[in-house]
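Here is a short report on one helix and its surroundings. Have the sequence and the model open as you read.

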Amino acid sequence: MHEDSPAAARTTAAPRTPVRTTPVLAGSLPEAPPPGPPAGHSATTIERGSFCLARCSCGWSGPARRSRDRARTDAAEHLATP
């Protein structure tokens with residue numbers, strides 16, 4: 001009868017990947033721009049009878065729309081433009 005040696009039956013764990021020991025410097029990562037509207041802009045919608053229009057704190061005013069959703073889109077487009 002033939003038996004395998006006990007050493008052949010043992011399994012070994014896979015080698016571990018090295019852990020990063022170098023610290024990440026705070027200035028090495030690019031900063032993301034702050035989310036939201038540009039400074040000085042705050043758009044809202046105003047209802048006038050059956051019409052709705054978008055207005056901004058900078059003085060901009062969108063066209064009167066029957067669709068409230070379209071007036072909100074006008075305001076979002078205004079805030080997105082630089």
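Leaving aside neighbours within four places in sequence, which residues is D74 in contact with? They are A54, W60, P63 and R65. Keep in mind that this is a predicted model.

**The helix**

D74 lies in helix α2. This helix has 13 residues, 68-80. At 1.5 Å a residue, α2 should span 18 Å. Its end C-alpha atoms are 19 Å apart, so the two values agree.

**Two sides**

Four residues of α2 are buried: A71, D74, A75 and H78. They cover an arc of only 95° around the axis, which means they sit on the same side of α2. D69 and A80, on the other side of α2, are exposed. The cover over the buried residues of α2 includes β1 (43-48) and β2 (51-56).

**Two buried residues**

D74 and H78 can be read together. Buried means under 20% relative accessible area. D74 is at 7%, so D74 counts as buried. H78 is at 13% and therefore is buried too.

| Residue | Relative accessible area | Contacts beyond four places in sequence |
|---|---|---|
| D74 | 7% | A54, W60, P63, R65 |
| H78 | 13% | H41, C56, C58, W60 |

**A pair along the chain**

How many residues apart in sequence are D74 and P63? They are eleven residues apart. In space, their C-alpha atoms are 8.3 Å apart.

Definitions and conventions: Residues are numbered from 1 along each chain as its sequence is written. This is a predicted model: local features need pLDDT of at least 70, side-chain atom pairs count only at pLDDT 80 or more; totals for chains, interfaces and linings use all residues. Side-chain values use heavy atoms; hydrogens and water are left out. Helices (H or I, at least four residues) and strands (E, at least two) are DSSP runs, numbered from the N terminus. The expected span of a helix is 1.5 Å times one less than its number of residues. Buried means under 20% relative accessible area, exposed over 50%, partly exposed in between (1.4 Å probe, protein chains only). The arc is that of the directions from the helix axis to the C-beta atoms. Contact means heavy atoms within 4.5 Å.
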